[in-house]
Amino acid sequence: MENFSRLAESHLFDRLGKSILFNVETMLFYEVTPVIRDVISLLHDPSQTDPIQVLLQQYSIQEIEQAVAYLLREGFLKETGRGGKTNKPRLIKRYGIRHLELMVTHDCNMRCRYCYGSLGKDEWQDSPYLYGSNSKGMSLETARRGVEYLLEHSGGRKELSVIFFGGEPLLEYRLIQELVPYIREREREAAKKIDISLSTNGLLLSPKVIDFLRRNNISCQISLDGPMDLHDRNRLLVNGAGSYSQAMEGIRRLLAIRPGRAPARATVSRGHVDLIRVIEHLLTLGFGSAHVEPAIGGNDEIAITQEDVERIKEQNETIALFLIKNVKRNRFFNYTNLVRFIRQTRIVRDRLAHYCGAGRTYFALSQDGVFYPCHRFVGMEEYSMGDLDRGMDLTLRNRILNLTVDNRPVCRECWARYLCGGGCWKHAVDANNCLETPDSAVSCDLIRHQIEVAMAVNSELNVSDKDILDDLYEETTEPYLVTEKEGGTHGPQGGKLAAG
């Protein structure tokens, strides 16, 4: 093996009982035999001066030669004299506004213990508004100007989106009622399509509100942390009581008219990681997809620990096995944490330069008309990006554009960088007080594991099964707002996660 001058950058791992080898340069992965696994392991070990002799203790010379030929053919090895190191791939830096979050209010009818929108970990209980706001609601004029800014600066893009966010956006239902017809009129005049969505805690989903959402084709993501005992630990009403029972009244109304289509988002906190119960509960209720996020940053008593991270990883593998088992029975569900990467690793079309569109194609407009990279940064003045009066300040956008995974010190050494994109900007700020260094201890660890599990799932499924799982994930989910489409989707179907 002295005739090989270079090993391709690769990642070898065992997951779900499979040995998988990922080529970072070609973005392809392979389920490999023991001999190939051992060959690549020894070649990557600088302490091994004579790997052939080590291999001959277990394999014949013919098996070793066949393994080397395979690795050469698939681009893991390069022969001496046949070219130098592969140049870094060209990363596409997408920019230009496509998605606008309207922070219609910073008020909320709940006081969730892990809310990242607080003024500070010791001040959230006394804060009259979240995100450091000084007024409750966005004016209709500001909202319309935001829509006009989106249309004017979206260039030739024909598909755009407006997201109502808060606080609890339905506290400004009257504003939303007035603005939606304006959006629909302007999209017709501009010959563009604008998806409208909102994220809600469900407390204000009255029959009247739900009918309005239905008539205007407004997608609705629900924040629900699972069964009552898990949900009520952190998602509290203003009076300190749990919110599950009250929220479920509206949630059931919504699910009755959109069975298998509405998405749910759950947050898990320190010491209370039970993904299996959470996902099972959400799917049993009739949600079409479920996304689970760990509590990171904010309240230190709530943020997950390394022990919680290990539990999340274990439970993700259990859910993956359940997914494989049911897909083979023609039964599907969309656990987006995994399905996203199952879809992404099946056929890699682009190497990601960034994790999401925040600060590039996705912007939040605060209630007082100031732009931020996304809702998580609203109120943090050092991350403001201009306003409607002066226009958008592109200084931070250009900084973000240049912070590709190849330009960030930690990311450039990570095998998963082109599939991950570097992680959430706000998580980086929470962990390291800067954009440059990602949250390695929690976010990066979880994402790398999810990618490994996704590759293992892909190696088990048939092509037709993967096609269906492709359809279960929407490309427009920046960052996590899943837009459900009317009709023709694969809803959840029975089964118990705990059954394995």
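Glu-31 is partly exposed at a relative accessible area of 43%, on a scale where buried means under 20%, exposed over 50% and partly exposed in between (1.4 Å probe, protein chains only). The structure is a predicted model, in which local features need pLDDT of at least 70, side-chain atom pairs count only at pLDDT 80 or more, and totals for chains, interfaces and linings use all residues. Residues are numbered from 1 along each chain as its sequence is written, and side-chain values use heavy atoms, with hydrogens and water left out.

Lys-18 lies in strand S3 (residues 18-23) and Glu-31 in strand S4 (residues 28-31), so that the pair links distant parts of the chain, 13 residues apart. Helices (H or I, at least four residues) and strands (E, at least two) are DSSP runs, numbered from the N terminus. Lys-18 has a relative accessibility of 11% and counts as buried, whereas Glu-31 is partly exposed. The two residues also belong to a network of salt bridges that links Lys-18, Glu-31, Lys-328 and Glu-460.

By the same rule, the count comes to 24 salt bridges. Among them is the pair of Arg-184 and Glu-187, whose closest N and O atoms are 3.2 Å apart. These two residues sit three positions apart in helix H5 (residues 173-190), which means that about one helical turn separates them. Both Arg-184 and Glu-187 are buried. Another pair joins the side chains of Arg-73 and Glu-74, at 3.8 Å from N to O. Here Arg-73 is exposed, with a relative accessible area of 59%, while Glu-74 is partly exposed at 22%. As background, side chains of opposite charge can pair when their charged atoms come close.

For the protein as a whole, the secondary structure comes to 16 helices and 16 strands. Of its 500 residues, 57% are buried. The protein exposes about 21400 Å², of which carbon and sulfur atoms supply 46%; these areas come from the Shrake-Rupley method with a 1.4 Å probe, and for residues only the protein chains shown count as cover. Contacts (heavy atoms within 4.5 Å) were also sorted by sequence separation: among those between residues at least 6 apart, 74% join residues at least 24 apart.

Next comes the sheet. Nine strands form an open sheet with mixed pairing, in the order S12-S11-S10-S9-S8-S7-S6-S13-S14, where two strands pair if DSSP finds at least two bridges between them. Strands S12 (334-335) and S14 (371-372) stand at the edges; each has a single partner strand, so one side of each is left without a neighbour in the sheet. Helix H9 (residues 275-285) packs on the sheet and touches strand S10 (263-268), strand S11 (289-294) and S12, its direction making about 150 degrees with that of S11. For such angles, axes are lines fitted to C-alpha atoms, for helices over the stretch in contact, and values run from 0 to 180 degrees between N-to-C directions.

Strand S6 (residues 99-103) is joined to strand S7 (residues 159-165) by five bridges in the parallel sense, and Leu-100 stands opposite Val-162 in S7. Six bridges then pair S7 with S8, again parallel, with Glu-159 opposite Lys-193 in S8. Between these strands the chain passes through H5, and this β-α-β crossover is right-handed; that is, with the strands pointing away from the viewer, the path from the first strand over the helix to the second runs clockwise. Strand S8 (residues 193-200) is mostly covered, with seven of its eight residues buried. On to strand S9 (residues 218-223): S8 pairs with S9 in the parallel sense over five bridges, and Ile-196 has Ile-218 in S9 as its bridge partner. S8, helix H6 (residues 207-215) and S9 make a right-handed β-α-β unit.

Leu-71 counts as buried, at 0% relative accessibility. Leaving aside residues up to four places away in sequence, Leu-71 touches Leu-21, Ile-36, Val-39, Ile-40, Phe-76 and Leu-77.

Terms used: Salt bridge = Lys/Arg side-chain N within 4 Å of Asp/Glu carboxyl O.
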